[in-house]
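I opened this entry to record what I looked up in the model, and in what order. The sequence and structure are placed here for reference.

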Amino acid sequence: MTDIGLGLARVESIDLSALGRTAIRLVAPPLVAAVLLLGGWEMLSRSGVLSTRLLPAPSLVFDTLVRSLGVLLEQAQPTFWGAVLGILLAAALGIVLGAAVSYSRTMMQAVYPTVVFFQLIPKVALAPVFLLWFGTGFAANVIFSVFIAFFPVVVATIAGLQAAPPAYERLCRSLMMPKAQMFLTVKFPFALPHIFNGLRIGVTFAVIGVVLGEFITAQTGLGYIILFSANNFETALLLAAILLLCGVGVVLFAFFLALETIVMRIYDSR
Amino acid sequence: MSTAATSRRTIEPAFASPAAADYVAVDRVRKVYGTGTRQQVEAVAASTFTIKAGEFVALLGPSGCGKSTLLMMIAGLDLPSEGAIVVAGRPLTAPRAQTGIMFQDPTLLPWKSALDNVLFPFQVASRPAAGGNRLRAMALLDRVGLEGFHHHKPGQLSGGMRQRVAICRALVYEPDLLLMDEPFSALDAITRDEMNLVLMKMWEEEKHRTALFVTHSIREAVYLADRVLVMSRRPGRIVEDIRIPFARPRGLEIGETVEFNRICGHLRGKIDHRSH
């Protein structure tokens, strides 16, 4: 009995120290690099090599962030919710249209060239048109966000729905499975990893879309703060707003990563 | 001289046997791919043969000879360009509920357990899902030697084990016709022998099932089948049709007999002979 207990304890301690070492190896290099970068920047700013107006020290940016946190968080809300709505709508539309296009060869031939064509348009160039169509409100920003985030999702969905090897389609046909059911039970699960890749790109695009909208409409949001502080040479506030914008992106990205982990656990092959 | 005479007597043409009910009748079936005279490729030249109820027929031929195309047409997954196929007295125009099929790839759903993969055919609403399905699926998995692996996913199983699951999936709804398209050709020789034994055992235990097994392995065809059809190189046509005389149940040791090897030699000659 004692022997077994000791054996287990030893195995555990070996595992833990190995785990710790792996963690250090993963975390230490980027941490060291970041500290060096920020430290160097701080030193250059304090010594006066970098003008505070052009590139304020990290400590000043942090100070500004803390002092203006109320305003910044308030302005982060339309940006955050705009991006959330943008990516959710883009995901729904992209997956539905991708599925519709993949459902029949005729649909694919009819719609796919248009999708590719639209994807090639630099969508920023269309922002003023959206302003014209949808005005300057929150809705316009969301619509622009959907428009930008939609393409990576639809393209990934179309690619994913072709991922199931053709033999699976033959199997389903031989079992006399209706096409719609085959789509849901076989093709869609095979497409999921592709769709999640598209969503990851889509999330970053959705944030870009909202911020672009805010740049152009210049009413509210972190995009507006960035534009406003740049015009007033308040570079520290600008950088603080960008920091918060990164936070928005990270939260959204983490949400979809978590969703992916949960869904892929259901469709796990292990 | 005497050997030749014996050979002619034992390698008996299939049509000499007394007529039983034709379960599958392939009548002058031809398959041409592509449109326009220039791009047209004749995959299967006019082929005619029948399979009797309860018979195990192997369709043997070199790769690319159109034997898989022929099987897909009998499965109703592909339509003949010319000619007709009748299965169980009905002209075939689409897949039928009572056909079981195995492909070269096991085509298991990677996210489903072995047991759920075997039960996959019952997801189709038109297939009566009786309460005993689960029990039958589990019994089938046990019979192919997968006891203890019911809840493993395909990624955790070896290639041979995956094809065992595919055999169970093809048999679980008790089809009367079993079509197999080179199901073991991606496996190594030792696993392949094992799989032949497993398939033989399953088929001999489940009576009155008609089977068509497409392969490019002469030994596999002779070991498994009651009858071997040989298909020529593309465009494929049936160039030989012989009965395999070994009694069932068959063990792998019949492969060592002179008779077995003589039949194999005969078939090899038929495959290599180019008829134009």
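**Conventions.** I worked on a predicted model, in which local features need pLDDT of at least 70 and side-chain atom pairs count only at pLDDT 80 or more, while totals for chains, interfaces and linings use all residues. Residues are numbered from 1 along each chain as its sequence is written, and chains are lettered from A and ligands numbered from 1 in the order in which they are written.

**Chain B overall.** I listed eight helices and 10 strands in chain B; helices (H or I, at least four residues) and strands (E, at least two) are DSSP runs, numbered from the N terminus. Of its 276 residues, 38% are buried, where buried requires 20 or more other C-beta atoms within 10 Å of a residue's own, exposed 12 or fewer, and partly exposed lies in between, with C-beta atoms placed from the backbone. Among the contacts of chain B with a separation of 6 or more, 73% join residues 24 or more positions apart.

**Domains of chain B.** I read domain 1 as 2-98 + 175-272 and domain 2 as 109-174; such bounds come from an automatic or database domain assignment. The C-alpha centres of these two domains of chain B are 26 Å apart. Their contact takes 14 residues from domain 1 and 15 residues from domain 2. On the domain 1 side, helix H6 (residues 189-205) of chain B gives the most, with six residues. By class, that side has 11 nonpolar, one polar and two charged residues. I counted Ala, Val, Leu, Ile, Met, Phe, Trp, Tyr, Cys and Pro as nonpolar, Asp, Glu, Lys and Arg as charged, and the others, Gly among them, as polar.

**Chain contact.** I found 19 residues of chain B and 17 residues of chain A in the contact between the chains. The chain B side divides into 12 nonpolar, five polar and two charged residues.

**Helix packing in chain A.** How do H3(A) and H6(A) pack? Helix H3 (residues 69-103) and helix H6 (residues 138-160) of chain A lie with their axes 6 Å apart, at an angle of about 40 degrees. Axes are lines fitted to C-alpha atoms, for helices over the stretch in contact, and angles run from 0 to 180 degrees between N-to-C directions. H3(A) and H6(A) are therefore oblique to each other. The residues of this contact comprise 20 nonpolar, eight polar and no charged.

I next took H3(A) with helix H8 (residues 179-217) of chain A: the axes come within 8 Å and cross at roughly 145 degrees. Residues meeting there include A:Gly82 and A:Gly86 in H3(A), and A:Gly202 and A:Val203 in H8(A). This contact has 14 nonpolar, five polar and one charged residue.

**H7(A).** A:Met176, which follows H7(A), has a positive phi, near 60 degrees.

**B:Pro154.** Is B:Pro154 buried or exposed? B:Pro154 is buried, with 21 other C-beta atoms within 10 Å, and lies in the loop between helix H4 (133-143) and helix H5 (159-171) of chain B. Not counting residues up to four places away in sequence, B:Pro154 touches A:Ser269, B:Leu108, B:Pro110 and B:Arg162.

How values were computed:
Contact = placed C-beta atoms within 7 Å. Parallel < 35°, antiparallel > 145°, perpendicular 65-115°, else oblique.
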